[in-house]
Amino acid sequence: MAPQGSEAVDTAAKIYTEEDVASHNTREDCWIIISTEGEDVPGVYDVTQYLDEHPGGGETILDHAGADATDMFEDIGHSGSARETLKTLRIGSLKVDPAKADEIRRRREEAQALAAKRGGLSLWAVAALIAAILAGVVAMQFRQ
């Protein structure tokens, strides 16, 4: 179960199974799993109270309620501030079968690499759009 009230809880000591997390898959009780860089095991996050605050809307998170949301989290390319917010929502760690640990690490690294690649492409796309707009403005000036 999630920590209640203001009681002090060592979230690193709480261990949950995938089945535990899977049962928290509604707007009223929403947990997700995210594997972040620098951690040996994925974290379990109670995002129930955060759904209405999420800048992308709660539905984005609810699509992954009770499941692993690592790919979604990394694909979007969250800011440092978002990653800090995520830390405050952590309620424990996922119990990981040692045989799956390498696969989880590989998937996290692939998601982060893809997000970085997309970020670079997006920046070039924005630059190309700005250049096209400027070229259009210059062309209109010469027509007058």
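Hi everyone, let's start at proline 42, which sits in the loop between S3 and S4. Helices (H or I, at least four residues) and strands (E, at least two) are DSSP runs here, numbered from the N terminus. Before going on, a word on the source: this is a predicted model, where local features need pLDDT of at least 70 and side-chain atom pairs count only at pLDDT 80 or more, while totals for chains, interfaces and linings use all residues. Residues are numbered from 1 along each chain as its sequence is written, and side-chain values use heavy atoms, with hydrogens and water left out.

Is proline 42 buried or exposed? Its relative accessibility is 1%, so proline 42 counts as buried. Buried means under 20% relative accessible area, exposed over 50%, and partly exposed in between, using a 1.4 Å probe and protein chains only. Leaving out residues up to four places away in sequence, proline 42 touches Ile33, Ile34, Ser35, Arg90, Ser93, Leu94, Val96 and Ile104. A contact here is heavy atoms within 4.5 Å.

One of those neighbours is Ser93. Serine 93 belongs to strand S5, residues 90-94, and counts as buried because its relative accessible area is 6%. Its side chain makes a polar contact of 2.6 Å with the side chain of arginine 90. Such a contact is a pair of N or O atoms within 3.5 Å; within protein, one must be able to donate a hydrogen and the other to accept it, and residues adjacent in sequence count only if both atoms are side-chain atoms.

Arginine 90 brings us to the strands, as the bridge partner in S5 of tyrosine 45. S4 and S5 run antiparallel and are joined by three bridges. S3 and S4 also pair in the antiparallel sense, over four bridges, with isoleucine 33 opposite valine 44. Two strands pair if DSSP finds at least two bridges between them. Within S4 (residues 43-46), Gly43 and Tyr45 point one way, Val44 and Asp46 point the other way, and all are buried.

Now, where is there empty space? Rolling a probe the size of a water molecule over the atoms shows where empty space is left. Proline 42 and arginine 108 are 66 residues apart along the chain, with 9.5 Å between their C-alpha atoms.

One last stop is histidine 24, in the loop between helix H1 (18-22) and strand S2 (25-26). Histidine 24 is buried because its relative accessibility is 9%. A polar contact of 2.6 Å joins its side chain to that of aspartate 29.

Of its 144 residues, 33% count as buried.
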